[in-house]
Amino acid sequence: MNGMHIIFRADRLSISVAVFVAFFSVLIVCYSLGAMRGKTRLGLYYGCVLITFLGSLGAVFADNLVLFIVFWGFLGIPLYLLIGMGEAERASYTAKKTFILIGGTDCFMLLGLAILWQLAGHPGLAQFRMSGIALPLTSTAAIMAYLCLLSGTLAKAGALPFHTWVPDASEDTHASVAAFLPAALDKLLGIYFLMRLTLEIFHMTPAMNTFLMALGSITIIAAVMMALVQHDLKRLLGYHAVSQVGYMILGIGTGSVLGIAGGLFHMLNNTLYKSCLFLAGGAVEQRAGTTDLGRLGGYAKAMPITFGTFLIASLAIAGVPPFNGFASKWMIYQGILDNGQYGGGLWVVWLAAAMAGSALTLASFMKLIHAVFLGQPSTQAAQLPGDSRESGPAMLTPMVILAALCVVFGVLAYSIPLRLVVFPSIHAHPEFLGLWRPVAATFLLLLGLGAGVVIYWLGAAMKTRETKPFVGGETLADFSAMRVSGTEFYKTVQDMPFLNTVYRLAEKKAFDVYDVGAKLTFSFSRVLGACHSGELPRYLAWCLAGTLIVLYLLMR
Amino acid sequence: MTYLMYIGYLVVFGVAVTAVIGLLASWIDRKVTARVQYRVGPPLLQPVIDLVKLLGKETLIPSGASRTMFLAAPLIGFASVIAVSTILWTNSLSGGRSFLGDLVVVVYLLAVPSMSIILGGFASGNPLASVGASREMKLVMAYELPFVLACLVPVILSGYTLKLGDIVGYQTQHGAIALSGGGALALIVCILCMQAKLALVPFDAPEAETEICGGVLIEYSGPVLALYRLMKTMLLFVLPFFIIIVFMGGLRLDGIHLVLFVLKYVGLVALITVIRNTNPRLRIDQAMRFFWGPMTVVAVIAVGLALMGW
């Protein structure tokens, strides 16, 4: 084959992603040294982490789609093993579900690769890049190939409709695994390949762009609405891992340079804050022994550093300026606007979904912060022994580094991530439609904080006295039932007309591809099973019926 | 150089002018409310006296509260209001050029004061504050959707720009956005969202004195409460100012336009006062349904009209 000898190749995009892969591998190993102490099967655990690291590097640098899919498919095995190591009862079921969803879409990818090879005449990423000729998405075959390859990236990154493994896996596995795979590496790989597909291999049409944007918007809203009503810390974070992918797909789907840069930037930002959230959640889990939101509460006092990192990461994911999540969302919005200038009016829907989704994200994280760190401690949390209950340095260091990067990537967005990573990766330097001066704005915010401190100082703010909380004149300690855990804050949303129907269906897993698929498969096999009852007369009847049909067909 | 300029704008306009106008507006609000209820009402300096009095009181911190967060939360909200105010002033006083941030930045920063109140309420460890804060959060979720849609109307009409300077520039040439059909509807939506952002009746469920004793602010006292009060007072200027910029032609300093600006501002404050004095409090689920239902529909119609150029 012409050009097949080029097997591995590094360009700016793959180098950027590889650096992040390596960075997260180091952080997770560091965190695991503290978090996994005393656990069994550590050899397998660290082995899987290393293999995942190497496999991801292979996939990122592969310059040939066949080789790429080999690495990509191989990554499913350590993923399966790592999720299966979780301590939850359902862990092995979840691992199987993940493996089937990821493996199933990998089969689609193979099919897509076959069609692509037939159409283009070669499986090389290099040829697409060097010739600069991308396949137009005009023929049915090209569209089929694109959709097949897309399904793999969607399952890996955890977008609708193949997202259902992400919340399950986040809940059932160790927090470090959740922070490593669904939150960081799988996003990096999934979106990396989506970029390759969309920018280099295929030439997008407006219809396909609209499809991607619709998919992104639905992913944002559906996942964040599910996150609002969750009762488990890690599962809630898992739904946000899904929701954030929506922004990346939306950004890349705009087809505008600004939106694509925003999508790529958001991918980097998401890995930072989402990993930080999972790691901080894991630290709380280690202290509390549970991730049930109803049984947590009041951990800010015991774990101030963990709370600080969690708060920064929450503000970043909710898109509060000047943190990094805002910078990338802001670019994606401009991408949508840029796309909308030339298209129909649908862009308003995508933009409103993305912006309202960010308010819902904020709401969901406020609930989480209340239920885990603020609010009143649950009876269980109040009884924890010891004065210093903060995690050890091995666990704190990665969290602090990630939280610091959330600030740095937000405030110095232009001079560090955009200039060094994002713009070189897409070989473009787009003009912004809007205006955002993060350094100056941060400066203003700090001045504002200073002004507030001056007001405190003018008054007697430091002259504090501790009192009992005022609850209508009653003593709070006497009424433990008065505790508001925060788990049910958004029951109002769940009870809204129309939404309540959707939530009920979602509870029955009507939107879970895996579950619906399993039901279909089992009902099919039940029909076949009913035919094979093991009774001789019935088999004879089938034979007779078959013979009659054959006879009829022959005599006709 | 620019940083010196920003400091100047922040101190003079962002803090001082905004606070003075806000205090004046809150006096108007209280005076009008009193007159509606056949009371005499407070003297002009009463809002200032209230703040000074609070500054002299000691700060009570409930046992079980997360101390740092409890004290830091008002600072976050206060800083964001000052930042928004400075952004709006620099963009208005620089004659069409844009500084610091665009519409998206302002919309996002305007959600931070609510967030700071929520964090403060959560940190106080009081169940009533938790309930109030959760209501505030649900209110934010509810009004953010129509608010975002309504804010897109000026973007569409002024030719797909997010820069505040360009939106004002468009209005200087073509007349105020609010004079178009879509703009008028969007303005109505924005005014009601402003009412909710200020947590005033009918959307005062988060504070609901008679139900949850002030809700989010129940444990706050002394200088910390003064800071929240000052933040809300300043919002009473910043929010109408924002609406005037994006819908009603913005601030122009030449002669008659300055008078018109004052009239528009006083009109908006009077409207806020009238709405809050003539309505009962909505339950939080009713408020959510109001924003996700009729208000979103109106906002969508406004966007549709704007896309057709009306």
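Helices (H or I, at least four residues) and strands (E, at least two) are here DSSP runs, numbered from the N terminus, and on that basis chain A holds 24 helices and 3 strands. The model is a predicted one, in which local features need pLDDT of at least 70 and side-chain atom pairs count only at pLDDT 80 or more, while totals for chains, interfaces and linings use all residues. Residues are numbered from 1 along each chain as its sequence is written, and chains are lettered from A and ligands numbered from 1 in the order in which they are written.

**Whole chain.** Select chain A, whose C-alpha trace spans about 100 × 65 × 50 Å along its principal axes.

**Domains 1 and 2.** Next, colour chain A by its domain assignment, with bounds from an automatic or database source: domain 1 (1–203), domain 2 (251–455) and domain 3 (513–555). The C-alpha centres of domain 1 and domain 2 of chain A lie 24 Å apart, and their contact (C-beta atoms, placed from the backbone, within 7 Å) takes 23 residues from domain 1 and 24 residues from domain 2. On the domain 1 side, select α1 (12–35) and α9 (175–201) of chain A, the elements that give two or more residues; α9(A) gives the most, with 12 residues.

**Helix α11.** Move on to residues 233–253 of chain A, a helix of 21 residues that reaches 31 Å from its first C-alpha to its last, close to the expected 30 Å, where the expected span is 1.5 Å times one less than the number of residues. Of its 21 residues, 21 are buried, a residue being buried if 20 or more other C-beta atoms, placed from the backbone, lie within 10 Å of its own. Just after α11(A), look at G255(A), which takes a positive phi of about 75°.

**The largest core.** Finally, show C276(A), L351(A) and C406(A), which have the most contacts inside the largest nonpolar core, a set of 313 residues. Such a core consists of buried Ala, Val, Leu, Ile, Met, Phe, Trp, Tyr and Cys residues joined through C-beta atoms within 7 Å. Helix α6 (residues 127–157) of chain B gives the most to this core, with 21 residues. Around C406(A), select its contacts, among them L272(A), Y273(A), I312(A) and F323(A), with residues up to four places away in sequence not counted.

Key
Two residues are in contact if their C-beta atoms, placed from the backbone, lie within 7 Å. A residue is buried if 20 or more other C-beta atoms lie within 10 Å of its own, exposed if 12 or fewer, and partly exposed in between; C-beta atoms are placed from the backbone.
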